[in-house]
Amino acid sequence: MEGEDELQTPNGAVSAQLDRDLEDDDPLVLSSQALAALQEFLADQNKTDTITPPPSTVDGGDKVELVTEDWRLSQFWYEPETAETVAEEVVTLSSRFSNCRVACIACPTLYVYLKKKDPSLHVQLLEYDMRFERYGSEFTFYDYNEPEELPLELKHCFHIIVADPPYLSKECLERVTQTVSFLASPVDSLLLLLTGDVQRDRAAEMLGVRPCVFKPHHSSKLGNEFRLFVSYDPGTRLGGLEEADI
Ligand SMILES: C[S@@+](CC[C@H](N)C(=O)[O-])C[C@H]1O[C@@H](n2cnc3c(N)ncnc32)[C@H](O)[C@@H]1O
């Protein structure tokens, strides 16, 4: 993973850098910036994040429990409003399909919000972090480095696929594209891709997706600008498609 591919917090700390610093055999000497980021990270390890979505948008205003972000895995959770908006879009789209099946590739927060919104929706979470094994048969271990190392029963059976690749590299997007092809129903499927704006041209080329006006945001403010790309025309939902791309 190269520097420009990494997700960045505004103070410049990057997940992979923390990893490298921690694994180095040399005496550990951290810059004051890296030290501050590390202290913040370690403090976070000792608590469970609890995100409270707006009461008007989630049943009964119940809290949505999320595990703590692990920056070493490039984990940056959506702000509640972002998770809520994307979940609402997926639930709206799901009414187009009978017995709709949804795949969430590396977006565990969305999985949680979707199940909260519609517990009967068939959602499969593909994730690298084994902490999400807690979701039982709806969890599938997924490593983008092995994009098609997946159970055969998942092949070509999803109507809606939402992907949020861990890195902003061409290679990562190529591999996730392979996974999307593996999962997508050959008859009809819709794709939502959440990733950095820097992936715009590659995403259009590899996956045929276009950016919406709506912009995703994260609870830990990131330095990279994020976008939601879709493979269909959302009409006026999600602020519509960006004018320049219509
Ligand atoms: C940028 S985050 C997306 C999370 C999303 N914003 C959310 O709130 O659900 C990337 C996700 O990729 C996962 N990930 C990390 N390494 C991975 C790997 N090798 N293969 C697949 N997923 C990986 C992380 O656990 C994380 O959930």
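## Sheet, helices and ligand shell

Strands β4 (residues 122-127) and β5 pair in the parallel sense over three bridges. Two strands pair if DSSP finds at least two bridges between them. Strands (E, at least two residues) and helices (H or I, at least four) are DSSP runs, numbered from the N terminus. This is a predicted model: local features need pLDDT of at least 70, side-chain atom pairs count only at pLDDT 80 or more, and totals for chains, interfaces and linings use all residues. Residues are numbered from 1 along each chain as its sequence is written.

**The sheet**
- Seven strands form an open, mixed sheet in the order β5-β4-β3-β6-β7-β9-β8.
- The edge strands, β5 (139-141) and β8 (210-211), each pair on one side only.
- E127 has F141, in β5, as its bridge partner.

**Two helices**
- The axes of α5 and α6 come within 11 Å and cross at roughly 30°. Axes are lines fitted to C-alpha atoms, for helices over the stretch in contact; angles run from 0 to 180 degrees between N-to-C directions.
- That makes α5 roughly parallel to α6 (angles under 35 degrees count as such).
- K170, L173, E174, T177 and V180 in α5 meet R202, A203, M206 and L207 in α6. Contact means C-beta atoms, placed from the backbone, within 7 Å.

**The ligand**
- A106, T109, Y128, D164 and P166 come nearest of the 21 residues around the ligand. A residue is near a molecule if its C-beta atom, placed from the backbone, lies within 6 Å of it.
- Helix α4 (residues 108-117) gives the largest share of this shell, three residues.

Key:
Parallel < 35°, antiparallel > 145°, perpendicular 65-115°, else oblique. Contact = placed C-beta atoms within 7 Å.
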